[in-house]
Amino acid sequence: MIVDLIIPVLNEEASIGLVIRDLPKGIIRHTIVCDNGSIDKTVEVALSSGAIVLHEPKKGYGAACLKGMEYLLHQDIESDIVLFIDGDYSDFPQQATLLL
């Protein structure tokens with residue numbers, strides 16, 4: 001099973017590194033953080049945590065999510081499952097295994 005993860009974010013420098021750190025190891029191929037115009041260090045933290053970072057200037061959670069899907073399609077990356085999780089730690093990344 002090939003799982004790719006999309007995390008839409010906006011000004012979540014305090015939590016995005018924790019979210020990425022707490023993801024289950026070995027089940028997620030690509031972690032894609034879609035930044036929706038952060039003015040803090042969200043992008044830097046995501047990059048230093050090993051994520052692929054995309055920028056979506058059009059405001060909105062859905063626009064950020066679609067940017068991640070567009071990336072997967074244009075990179076010709078085939079996924080069995082695309083998982084979405086929030087970057088503010090309102091979802092518990094360690095539970096991804098249970099969800100899958």
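Author: Two strands pair if DSSP finds at least two bridges between them. Strands (E, at least two residues) and helices (H or I, at least four) are DSSP runs, numbered from the N terminus. In this structure, four strands form an open sheet in the order E3-E2-E1-E4, with parallel pairing. This is a predicted model, in which local features need pLDDT of at least 70 and side-chain atom pairs count only at pLDDT 80 or more, while totals for chains, interfaces and linings use all residues. Residues are numbered from 1 along each chain as its sequence is written, and side-chain values use heavy atoms, with hydrogens and water left out.

Reader: Which are the edge strands?

Author: E3 and E4 (81–84) are the edge strands, since each of them pairs on one side only. From one strand to the next, the twist averages 25° (axes are lines fitted to C-alpha atoms, for helices over the stretch in contact, and angles run from 0 to 180 degrees between N-to-C directions).

Reader: How many bridges hold each pair of strands, starting with E1 and E2?

Author: E1 and E2 run parallel and are paired over seven bridges. Within that pair, isoleucine 6 stands opposite isoleucine 32 in E2. E1 is also joined to E4 by four bridges, again parallel, and there isoleucine 6 stands opposite phenylalanine 84 in E4. E2 pairs with E3 (residues 52–55) over four parallel bridges, and valine 33 has valine 53 in E3 as its bridge partner.

Reader: What is the hand of the crossover from E2 through H2 to E3?

Author: With the strands pointing away from the viewer, a crossover is right-handed if the path from the first strand over the helix to the second runs clockwise. The β-α-β crossover from E2 through H2 to E3 is right-handed. E1, H1 and E2 also make a right-handed β-α-β unit.

Reader: Where does helix H3 lie?

Author: Helix H3 (residues 61–74) lies across E1, E2, E3 and E4, and runs at about 145° to E1. Tyrosine 61 belongs to this helix. In sequence tyrosine 61 is 54 residues from isoleucine 7, yet in space their C-alpha atoms are 9.8 Å apart. Tyrosine 61 touches Pro8, Asn36 and Asp86 (residues up to four places away in sequence are not counted); contact means heavy atoms within 4.5 Å.

Reader: How many residues are in the largest nonpolar core?

Author: In soluble globular proteins, nonpolar side chains tend to be buried together. A nonpolar core is a set of buried Ala, Val, Leu, Ile, Met, Phe, Trp, Tyr and Cys residues joined through side-chain atoms within 4.5 Å. The largest one here has 17 residues, and Leu5, Ile7, Ile16, Ile20, Val33 and Ala46 have the most contacts inside it. The elements giving it two or more residues are E1, H1 (16–21), E2 and H2 (42–48). E1 supplies the largest share, four residues. Another core lies apart from it and has seven residues, among them Ile6, Ile32, Leu54 and Ala64.

Reader: What does valine 33 contact, leaving aside neighbours within four places in sequence?

Author: The contacts of valine 33, with those neighbours left aside, include Ile7, Val9, Ile16, Ile20 and Ala46.

Reader: How many salt bridges does a search of the whole structure find?

Author: Side chains of opposite charge can pair when their charged atoms come close. The cut-off for a salt bridge is a side-chain nitrogen of Lys or Arg within 4 Å of a carboxyl oxygen of Asp or Glu. The search finds two. In one, arginine 29 and aspartate 4 have their closest N and O atoms 2.6 Å apart. This pair links distant parts of the chain, with arginine 29 in E2 (residues 28–35) and aspartate 4 in E1 (residues 3–9), 25 residues apart. Arginine 29 is partly exposed at 37% relative accessible area, whereas aspartate 4 is buried at 0%. Arginine 21 and aspartate 22 form a salt bridge with an N to O distance of 2.8 Å.

Note on methods: Buried means under 20% relative accessible area, exposed over 50%, partly exposed in between (1.4 Å probe, protein chains only).
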